[in-house]
Amino acid sequence: MLVRVLSDVTVFADRPELQEKISRLLDQAPERLSGASDVAVLAHGGTLPADALVHCVSRLSRSYRVLVVLPEQAVAQVPELLRAGALGFVGDGCDDQEFYDAIGVVARGAVYVASGSRAALIGGGAPAEPAQQVLTRREQEVLRWIADGYTHSQAARRMGLSGATVDTYVKRIRAKLEVRNKAELTRKAIELGVVRREPLLAAA
């Protein structure tokens, strides 16, 4: 595994050409990426076995907010990598702007899923129930803020509620959706169509 630190972002790549591509993008990165020192980009070119990739994400997510760059044939791994702790996913053919958007989102602790990876994340099973059949309007609003990377207190301020009220909403949402952690909560939010479909930008 090749490792390099550029523009405050640590790059891990399994192929030299991928490391060079990511390094070039980071060398040209706009100033807004200067606060992304806890972000790691894991560029997967297909040489790592699936279980090794999951292990790498699991290890890296203990110290970094992880953005994974995946080839098209590996997008089926997105759900497992999300459970392992990754926060962002882009294809290896993504354009520069999407790459920068993804880093910005991941740097603030929110989840970024490129449009080509959303189908894998949702899965090919039965369609999810509409959010309005599962959650109240207020619960949907809370879920949207939390899945977009806001803390409970930040969501409370945005909604004009107390932190304790938002905590209660989150407990209800987790019980209704039968999820245990933020990664599962975010995945469910995407399934229900609650998360915004445009790239999520850092909060003002």
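**Aromatic pairs.** I searched the whole structure, a predicted model, and found three aromatic pairs (rings of Phe, Tyr and Trp, the last by its six-membered ring, with centres within 6.5 Å; planes under 30 degrees apart are stacked, over 60 edge-to-face, the rest tilted). I noted that the ring centres of Trp-145 and Tyr-150 lie 4.9 Å apart with planes at 85 degrees, so this pair is edge-to-face. I recorded both Trp-145 and Tyr-150 as buried (under 20% relative accessible area, with exposed over 50% and partly exposed in between; 1.4 Å probe, protein chains only).

**Conventions.** Residues are numbered from 1 along each chain as its sequence is written. Local features need pLDDT of at least 70 and side-chain atom pairs 80 or more, while totals for chains, interfaces and linings use all residues; side-chain values use heavy atoms, without hydrogens and water.

**Gln-77.** I located Gln-77 in the loop between strand E4 (65-70) and helix H3 (78-84) (DSSP runs numbered from the N terminus: helices H or I of at least four residues, strands E of at least two). Gln-77 counts as buried because its relative accessibility is 14%. Beyond neighbours within four places in sequence, I listed His-44, Ala-50, Leu-53 and Val-54 as its contacts (heavy atoms within 4.5 Å).

**Second largest cavity.** I looked up its lining residues (an atom within 4 Å of a point, on a 1 Å grid over the protein atoms alone, where a 1.4 Å probe fits but cannot get out); they include Leu-18, Val-69, Asp-92 and Phe-99. Helix H1 (16-27) and strand E5 (88-91) each give two or more residues to this lining. The largest share, three residues, comes from H1.

Terms used
1 Å grid on protein atoms, 1.4 Å probe; cavity = no way out; pocket = protein on both sides within 12 Å on 5 of 7 lines; lining within 4 Å.
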